[in-house]
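Reader: I am new to this structure and would like to know what stands behind the terms used for it. Please show it first.

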Amino acid sequence: CIHCTRCIRFASDIAGVPELGTLGRGEDMQIVSYLDQVLTSELSGNLIDLCPVGALTSKPYAFKGRPWDLTKTESIDVMDAVGSNIRVDSHGAKVMRILPSLRDDINETWISDKTRFACDGLVIQRLDQPYVRVDNKLQPATWDEAFQAIAKRLQNIPGERMGAIAGDLIDVEAMVALKDLWTALGSSHIDCRQDGAFLSTVTRAHYLFNTTIAGIEDADACLIVGASPRYDAPLINARLRKRFLKSNFPVAYLGAAFPLHQDLTYSYEYLGDNPKVMEQILDGSHPFAQSLVHAKNPMIILGCQALIREDSPRLLEVAGKIAETFGMIREDWNGFNILHNAASRVGGLDIGFLPGPKGFNVQEMRAACAKNQIEVLYLLGADEISFEGLDNTFSI
């Protein structure tokens with residue numbers, strides 16, 4: 001360590017967790033974490049890239065390879081819905097490390113810790129062959145045997161008794177192929193909203209982050225509803241903090257309270273968790289409405305917590321009225337934003353991977369499976385689906 005203090009400044013300024021500092025003087029000076037605790041930031045892995053001498057290194061990658069031995073592949077992160085630009089370094093078929101690629105409009109030069117270190121799971125948990133259930137036990141099979149089992153099971157099953165759910169990490173090409181297959185088989189039971197989120201799809205603007213990530217720096221007021229940007233999208237939260245540090249950026253949060261040790265990294269006004277507060281903001285009776293009135297470029301962010309409620313349609317309706325009332329939607333500015341936490345969600349909505357006429361959504365497919373109304377359920381990377389009560393359903 002040469003005491004350049006880059007790590008200290010990153011932790012304090014960018015990550016918003018001032019938990020690194022110096023102790024001692026002169027030749028006895030050391031850079032340490034306060035109170036002997038680890039950093040609580042979800043961006044701490046970026047210290048590896050910042051350190052100019054390698055005093056801070058990546059433990060999973062250290063002494064495992066040399067940069068000139070690795071194959072470098074430019075890619076896009078799928079651990080959240082931000083779309084961070086990354087570089088995947090691999091040796092043969094093994095992913096060795098993941099690094100950020102420069103993209104000022106999205107992730108600048110940072111990536112989240114989940115993005116950087118999630119590749120460890122590929123080493124020991126990566127599926128490299130299909131399995132077929134025989135005598136109620138999964139047995140290794142060849143791809144031909146797997147496809148034969150699928151084709152055999154699909155025979156003589158009407159389309160209305162088949163459903164398909166796309167997971168959060170699936171590419172658009174795979175969803176298009178599955179949608180075309182299910183359409184050819186006569187089924188309209190398809191859905192890409194694995195968490196059951198309610199989203200308006202009248203236009204793309206109804207489910208996009210319209211302000212754009214770089215556009216956050218031009219905003220001057222922000223209302224967050226049912227979102228935890230620090231954990232759903234750490235790099236968007238870092239951009240919000242960056243804007244906050246410029247001053248004159250009132251932020252209000254409506255939703256479940258954060259634990260004391262998991263707060264946002266900037267000051268905000270907590271509005272509670274009662275959705276009626278949005279009605280008060282709309283009619284101007286809530287004090288935060290004045291912040292939106294005086295703002296030139298206000299913005300609102302709706303997160304996944306606001307989209308999976310029974311009253312989500314009403315919340316979206318009120319949020320849209322707030323955006324119109326306070327001038328968030330203009331020709332030169334769009335402050336209405338949906339913060340997704342699934343990388344494939346926007347792509348699925350773009351291609352219409354949604355229930356067709358008389359089609360079932362995710363919850364309705366689960367209920368139909370329990371009632372034996374659906375015999376085949378195709379889970380395209382949808383791993384977080386409970387199979388309780390689905391004993392009679394053939395899942396692919």
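Reader: What covers the buried residues of α1?

Author: The cover includes β1 (20-23), β2 (30-33) and α2 (46-50). Helices (H or I, at least four residues) and strands (E, at least two) are DSSP runs, numbered from the N terminus. This is a predicted model, in which local features need pLDDT of at least 70 and side-chain atom pairs count only at pLDDT 80 or more, while totals for chains, interfaces and linings use all residues. Residues are numbered from 1 along each chain as its sequence is written, and side-chain values use heavy atoms, with hydrogens and water left out.

Reader: Which residues of α1 are buried, and what puts them on the same side?

Author: In α1 (residues 6-14) the buried residues are Cys 7, Ile 8, Phe 10 and Ala 11. Buried means under 20% relative accessible area, exposed over 50%, and partly exposed in between (1.4 Å probe, protein chains only). These residues of α1 cover an arc of only 165 degrees around the axis, so they lie on the same side of the helix. The arc is that of the directions from the helix axis to the C-beta atoms. In general, an α-helix has 3.6 residues a turn, so residues three or four places apart point the same way.

Reader: Why is Lys 276 called exposed?

Author: Its relative accessible area is 58%, and the cut-off for exposed is over 50%, so Lys 276 counts as exposed. Lys 276 lies in helix α9. Asp 283 is exposed as well, and both are on the other side of α9 from Val 277, Met 278 and Ile 281, the buried residues of that helix.

Reader: Why are α9 and α12 called roughly parallel?

Author: The axes of α9 (residues 276-283) and α12 (residues 312-325) cross at roughly 20 degrees and come within 10 Å. Angles under 35 degrees count as roughly parallel, over 145 as roughly antiparallel, 65 to 115 as roughly perpendicular and the rest as oblique. The two helices are therefore roughly parallel to each other. Axes here are lines fitted to C-alpha atoms, for helices over the stretch in contact, and angles run from 0 to 180 degrees between N-to-C directions.

Reader: Which residues make the contact between α9 and α12, and how many of them are nonpolar?

Author: From α9 come Met 278, Glu 279, Ile 281 and Leu 282, and from α12 come Arg 314, Leu 315, Val 318, Ala 319, Lys 321, Ile 322 and Thr 325. Contact means heavy atoms within 4.5 Å. By class there are 7 nonpolar, 1 polar and 3 charged residues. Ala, Val, Leu, Ile, Met, Phe, Trp, Tyr, Cys and Pro count as nonpolar, Asp, Glu, Lys and Arg as charged, and the others, Gly among them, as polar.

Reader: What makes Asn 156 exposed and Thr 212 partly exposed?

Author: Asn 156 has 79% relative accessibility, so it counts as exposed. Thr 212 has a relative accessible area of 41%, so it is partly exposed. Asn 156 sits in the loop between α5 (143-154) and β8 (162-166), and Thr 212 in the loop between β9 (190-191) and β10. Phi of Asn 156 is near 65 degrees, a positive value in a residue other than glycine.
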